[in-house]
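Subject: Structure handover

Hello,

Here is the structure I promised to pass on. Please open it beside this message, and then read on for what turned up.

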Amino acid sequence: MTESAADTPVRKTILVLNGPNLNLLGTREPEKYGQATLADVEYLCETAAARHGLEIRAFQSNHEGALVDAIHEARHDALGIVINAGAYTHTSVALRDAIAAVALPAVEVHITNVHRREEFRHHSYLSGVCDAVIAGAGVLGYRFAIDYLAERDA
């Protein structure tokens, strides 16, 4: 038996996922990452989502498995995922596979332009399973990602 459109729950939440060391925003290398804290980023996302009648669920972890679990949970109620996986971008097949498995629209965000940084940062395991990649726009990249997800199917 298939679900009708009337039976499909309305998804009004965007998962905003931040990986290792992003809890140190505002104090970690401010010359690269700026002065904004993770709380500032979450507020920016909440404000952007509210303009579209949406909510965010923000989650940060320094642990790969916790990030995978959050992605799995998103399949139940999220309309999409904004992910800044930090260093896991360049190392985690597990995060890549989790994003592919849940089949939700996803946007990969990087505060810095990773292509102007060390060579190892030029490769992303996530880009191939994300709908968009935003790099180098500072924390505004999160807002751009929220707007993209909210407007892509509007």
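Which residues does the UniProt annotation "active site" cover? The entry, which is unreviewed, gives Tyr 33 and His 110. Keep in mind that this is a predicted model.

**The active-site pair**

Start with Tyr 33. This residue sits in helix H1, residues 30-33. Its relative accessible area is 10%, so Tyr 33 is buried, the cut-off being under 20%. Beyond its sequence neighbours within four places, Tyr 33 is in contact with Leu 25, Arg 28, Ile 111, Thr 112 and Arg 117.

Now His 110. Look for this one in strand S4, residues 106-110. His 110 is buried too, with a relative accessible area of 6%. Not counting residues up to four places away in sequence, His 110 touches Asn 84, Thr 89, Ile 134, Ala 135, Gly 136 and Ala 137.

**The largest pocket**

How much space lies in the largest pocket? The figure is about 180 Å³. The pocket is lined by 15 residues. Closest to its centre are Tyr 33, Gly 86, Ala 87, Arg 117 and Arg 121. Sorted by class, the lining has 6 nonpolar, 6 polar and 3 charged residues.

**The binding-site set**

The unreviewed UniProt entry also lists a "binding site": Asn 84, His 90, Asp 97, Ile 111, Thr 112 and Arg 121. These residues span 38 residues of sequence. They are spread in space as well, up to 24.2 Å between C-alpha atoms. From this set, the lining of the largest pocket takes in Asn 84, His 90, Ile 111, Thr 112 and Arg 121.

Two members are worth a look. Is Asn 84 buried or exposed? Its relative accessibility is 4%, so Asn 84 counts as buried. Asn 84 is found in strand S3, residues 78-84. Its contacts, leaving aside neighbours within four places in sequence, include Leu 17, Asn 18, Gly 19, His 110 and Ile 111. Asp 97 is in helix H4, residues 93-102. With a relative accessible area of 41%, Asp 97 is partly exposed.

**Helix H3 and its cover**

Helix H3 runs over residues 64-74. Its buried residues are Leu 67, Val 68, Ala 70, Ile 71 and Ala 74. Why do they lie on the same side of H3? They cover an arc of only 160° around the axis, and that puts them on one side. An α-helix has 3.6 residues a turn, so residues three or four places apart point the same way. The cover over the buried residues of H3 includes S1, strand S2 (55-60), S3 and H4.

**Two more residues**

Thr 13 is in strand S1, residues 13-18. This residue is buried, at 13% relative accessible area. Leaving aside neighbours within four places in sequence, its contacts include Glu 55, Ile 56, Arg 57 and Asp 77.

Thr 91 lies in the loop between S3 and H4. At 54% relative accessible area, Thr 91 is exposed. Thr 91 and Ser 124 are 33 residues apart in sequence, and 7.8 Å apart in space, C-alpha to C-alpha.

Best wishes

Methods: Residues numbered from 1 in each chain as written. Predicted model: local features only at pLDDT ≥ 70, side-chain atom pairs only at ≥ 80, totals over all residues. Heavy atoms only, no water. 1 Å grid on protein atoms, 1.4 Å probe; cavity = no way out; pocket = protein on both sides within 12 Å on 5 of 7 lines; lining within 4 Å. Points joined across faces, edges and corners; volume = space filled by probe spheres on them. Nonpolar A, V, L, I, M, F, W, Y, C, P; charged D, E, K, R; others polar. UniProt positions renumbered as here; feature names shortened; annotations may be inferred. Helix = DSSP H or I, 4+ residues; strand = E, 2+ residues; numbered from the N terminus. Buried < 20%, exposed > 50% of the residue type's maximum accessible area, 1.4 Å probe, protein only. Contact = heavy atoms within 4.5 Å. Arc of directions from axis to C-beta.
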